[in-house]
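Visitor: Could you walk me through this protein, one question at a time?
Guide: Gladly! Have a look at it first.

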Amino acid sequence: MKLIISLTSPFARKARIVMAEKRIECDIVVDAPWGPDTQTPRYNPLGKVPVLVLDDGATLFDSRVIVEYLDSISPVGRVIPDGGGRQRIAVRRWEALADGLVDAAVATYLERKRPAQQQNPVWITRQQTKVAAALEALAHDLGGKPWCSGDVFGLADIALGCALGYLDLRFPDIGWRKTYPNLTAHAAKLAERPSFTDTAPPVS
Ligand SMILES: N[C@@H](CCC(=O)N[C@@H](CS)C(=O)NCC(=O)O)C(=O)O
């Protein structure tokens, strides 16, 4: 099995953290999906990382599908509650919200990389509004609980940690730590886990 990633992708980081928590061995292949020599479209027609290539050559994407697959192949360190029901859906909702925050942040980052005269300020504001609203909702939903969903560490915490890590990487000016002390404490708690420290994005 091999996982195609970029070192800065929070979606790829989510899959890597799940692998580490579940002690799943996998080759890691680093690619630059935005680069001219990217190999990612050979494995994912959408040209996005992460992609999980199974031993029989089957390819899995996106990160949510990969995470669900990883959790299904080993009972060790389950990150999604077993069985159906509200607990499982609650975790997937956390993931959707955290991933959605990242989608809006990535859209802002890419728009700002365009030449100044081609940037659309209305679009940027729209995406920034989503980031701010998502942060508020995440902080509200976490409240004073020790973990995002249920009483154990899981995918909801992983997705949240990856989203906050991406903000630190690309938008240090947002200053979410000042506004949301509970998210700050949660991020600090997650940062103690080797799965998080070993996958931290390189500072560029
Ligand atoms: N929903 C996808 C999003 C993946 C994604 O947007 N990956 C970015 C890197 S953070 C990418 O590869 N972008 C390249 C492109 O859009 O061409 C997932 O969860 O895996």
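Visitor: Which domains does the domain assignment give for the protein chain?
Guide: Welcome to a predicted model, where local features need pLDDT of at least 70, side-chain atom pairs count only at pLDDT 80 or more, and totals for chains, interfaces and linings use all residues. Residues are numbered from 1 along each chain as its sequence is written, and side-chain values use heavy atoms, with hydrogens and water left out. Domain bounds come from an automatic or database domain assignment. Here that assignment gives domain 1 (2-73) and domain 2 (86-193).

Visitor: How many Å separate the centres of domain 1 and domain 2?
Guide: The centres are taken over C-alpha atoms. For domain 1 and domain 2, the separation is 21 Å.

Visitor: And how many residues does each domain bring to the contact?
Guide: Contact means heavy atoms within 4.5 Å. Domain 2 brings 19 residues, and domain 1 brings 13.

Visitor: What is the area buried between domain 1 and domain 2?
Guide: Buried area is the accessible area (1.4 Å probe) that two parts lose on being put together, summed over both. Carbon and sulfur atoms give 63% of it here. The total between domain 1 and domain 2 is about 1,300 Å².

Visitor: How many salt bridges does the rule find across the interface of domain 1 and domain 2?
Guide: A salt bridge needs a side-chain nitrogen of Lys or Arg within 4 Å of a carboxyl oxygen of Asp or Glu. Lysine 14 and aspartate 99 form a salt bridge, with their closest N and O atoms 3.0 Å apart. Across the interface of domain 1 and domain 2, the count is 6.

Visitor: Which helix gives the most to the side of domain 1 that touches domain 2?
Guide: Helices (H or I, at least four residues) are DSSP runs, numbered from the N terminus. Both α1 (10-21) and α2 (63-73) supply at least two residues of that side of domain 1. With 7 residues, the top contributor is α1.

Visitor: Is isoleucine 17 buried or exposed?
Guide: Isoleucine 17 sits in helix α1. Buried means under 20% relative accessible area, exposed over 50%, and partly exposed in between (1.4 Å probe, protein chains only). Because its relative accessible area is 0%, isoleucine 17 is buried.

Visitor: Which residues is glutamate 95 in contact with, leaving aside its neighbours within four places in sequence?
Guide: Glutamate 95 belongs to helix α3 (residues 86-113). At 1% relative accessibility, glutamate 95 counts as buried. Beyond those sequence neighbours, glutamate 95 is in contact with Lys14, Arg64, Leu155 and Ala159.
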